[in-house]
Amino acid sequence: MVTVSVPEKTYQVQILKGMRHEIGKRIQQVWSTRQVLVMTDENVAALYLSDTVTQLQAAGYQVTTLVLPAGEHSKSLACLEKAIARLAEKYFTRADGVIALGGGVIGDLAGLTAATYMRGIAFIQIATSLTAQVDSSVGGKTAINLGQTKNIMGTFYQPDLVLIDPTYLKTLANRDLVEGYAEVVKSSALAGGEFWQLTGRIQTVNDILTNASELITQSVTYKAKIVMQDERETGIRKYLNFGHTIGHAIELLAAGGLRHGEAVSIGMVAITKRFVAENVSSFEFLQALSQRLRVVGLPITSALVSQPAMIAQLAHDKKNLSGILQLVAVKEPGQPVIIKKSLAEMTEFIEGAS
Ligand SMILES: NC(=O)c1ccc[n+]([C@@H]2O[C@H](COP(=O)([O-])OP(=O)(O)OC[C@H]3O[C@@H](n4cnc5c(N)ncnc54)[C@H](O)[C@@H]3O)[C@@H](O)[C@H]2O)c1
Ligand SMILES: O=C(O)C(=O)C[C@@H](O)[C@H](O)[C@H](O)COP(=O)(O)O
Ligand SMILES: [Zn+2]
């Protein structure tokens with residue numbers, strides 16, 4: 001178990017194999033009897049919704065469900081409106097709550113739903129994908145995309161509890177598992193030390209599954225440590241965006257052709273190449289990073305990185321302050337730094353990237 005303490009609240013991230021059979025009992029520890037909206041997507045619903053609802057009802061909760069299409073396009077204003085409308089239609093009050101049952105898409109959307117309905121009602125995350133278990137369920141970033149801009153509308157809104165059962169991963173498609181692993185490699189590069197050594201030992205997709213509990217615990221422990229020092233991303237939380245400035249831009253330009261983690265994988269390698277050329281990052285780090293990503297089948301290059309259309313996307317990055325981007329460089333494992341670059345410098349970089 002990992003505890004996250006931020007100024008407005010303290011909550012637990014419970015990580016345990018088989019915990020999906022104790023959902024009702026675990027939620028009873030933090031929530032009194034109330035109405036709950038369980039938000040999920042079609043894939044997760046087919047596998048886990050009925051059992052989750054049965055457990056919640058047995059624990060005394062009055063359950064409403066909302067099943068949305070699977071995929072990034074559900075992080076939309078239309079789905080947010082649908083969720084808020086469902087809460088209103090069922091007369092949810094500020095004493096009630098929203099439960100996300102799913103991956104990062106459902107977690108980000110359900111968090112924003114909870115944060116905005118009646119200006120904020122209680123929220124719990126049941127994380128079912130690797131991305132959600134190692135990253136998105138922890139730390140309180142909620143968001144939807146608008147048009148062609150990633151995570152442009154959102155809040156910082158912490159859950160009351162995060163439940164992570166690594167056995168959910170058994171039903172996750174390989175591509176989705178591997179995508180989530182990119183965020184694990186990211187965190188291990190930022191953390192360095194034993195965590196970095198651990199990702200160095202992962203050689204196959206099956207190794208991700210067999211080491212899932214340890215990879216999740218290390219990722220959540222590292223993320224919690226950062227979030228507790230800088231919940232609102234005014235300082236060191238920016239490190240968690242390693243690879244995301246370019247990653248988010250190409251995720252959008254790929255128009256659904258790349259998963260979030262795949263784009264972040266390409267983004268981490270592209271930015272590290274640049275910082276190797278500028279003598280900020282070591283060549284050995286670039287090689288070790290690329291190897292960790294490539295060995296499980298993650299993409300590490302893309303023609304999209306050199307497209308001029310990138311610049312318009314980069315300008316939307318939340319670390320852009322008055323035209324100056326704050327890029328995350330990792331000098332060596334465990335040594336992240338922020339490097340400032342103007343959009344003009346980034347144009348030159350993109351034109352030169354291969
Ligand atoms: N808030 C944050 O801090 C944060 C961090 C990282 C990523 N994100 C966001 O998370 C999203 C990506 O998350 P994701 O990779 O989980 O995508 P996702 O939620 O779309 O899930 C990926 C796929 O796996 C399926 N799935 C989920 N759990 C399953 C299970 N146990 N068995 C079978 N199928 C399952 C889903 O239906 C979906 O098809 C992106 O929108 C990204 O921006 C947010
Ligand atoms: O929690 C954070 O902070 C992160 O940056 C984690 C990222 O992996 C995640 O993709 C996040 O949603 C990116 O946020 P954004 O602020 O760049 O939209
Ligand atoms: Zn991410």
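Before looking at the close-ups, here is how residues are sorted: Ala, Val, Leu, Ile, Met, Phe, Trp, Tyr, Cys and Pro count as nonpolar, Asp, Glu, Lys and Arg count as charged, and the others, Gly among them, count as polar. This is a predicted model, in which local features need pLDDT of at least 70 and side-chain atom pairs count only at pLDDT 80 or more, while totals for chains, interfaces and linings use all residues. Residues are numbered from 1 along each chain as its sequence is written, and chains are lettered from A and ligands numbered from 1 in the order in which they are written.

**View 1**
Domain 1 brings 27 residues to the contact and domain 2 brings 29 residues, where two residues are in contact if their C-beta atoms, placed from the backbone, lie within 7 Å. On the domain 1 side, strand 1 (2–6), strand 2 (9–15), helix 5 and strand 8 (149–156) each supply at least two residues. Helix 5 gives the most to this side, with 5 residues. Sorted by class, the domain 1 side has 14 nonpolar, 9 polar and 4 charged residues. Helices (H or I, at least four residues) and strands (E, at least two) are DSSP runs, numbered from the N terminus.

**View 1**
A residue counts as near a molecule or strand if its C-beta atom, placed from the backbone, lies within 6 Å of it.

**View 2. The shell around ligand 2.**
Which residues are around ligand 2? They are Asp135, Gly139, Lys141, Ala143, Asn151, Glu183, Glu233, Arg237, Leu240, Asn241, His244 and Lys318. By class, this shell has 2 nonpolar, 4 polar and 6 charged residues. Because domain 1 and domain 2 both give residues to the shell around ligand 2, this ligand lies between them.

**View 3. Helix 6 against helix 7.**
Two packed helices are described by the angle between their axes and the distance between the axes. The axes of helix 6 and helix 7 (residues 193–200) come within 7 Å and cross at roughly 140 degrees. Axes are lines fitted to C-alpha atoms, for helices over the stretch in contact, and angles run from 0 to 180 degrees between N-to-C directions. Helix 6 and helix 7 are therefore oblique to each other; angles under 35 degrees count as roughly parallel, over 145 as roughly antiparallel, 65 to 115 as roughly perpendicular and the rest as oblique. In the contact, Val184, Val185, Ser188, Ala189 and Ala191 of helix 6 meet Gly193, Phe195, Trp196, Leu198 and Thr199 of helix 7. This contact has 7 nonpolar, 3 polar and no charged residues.

**View 4. Helix 10 against helix 11.**
Finally, find helix 10 (residues 244–253) and helix 11 (residues 260–277), whose axes come within 7 Å and cross at roughly 135 degrees. The two helices are therefore oblique to each other. From helix 10, His244, Thr245, Ile246, Gly247, His248, Ile250 and Glu251 take part, and they meet His260, Ala263, Val264, Ile266, Gly267, Ala270 and Ile271 in helix 11. By class, the contact has 7 nonpolar, 6 polar and 1 charged residues.

Note on methods: Domain bounds come from an automatic or database domain assignment.
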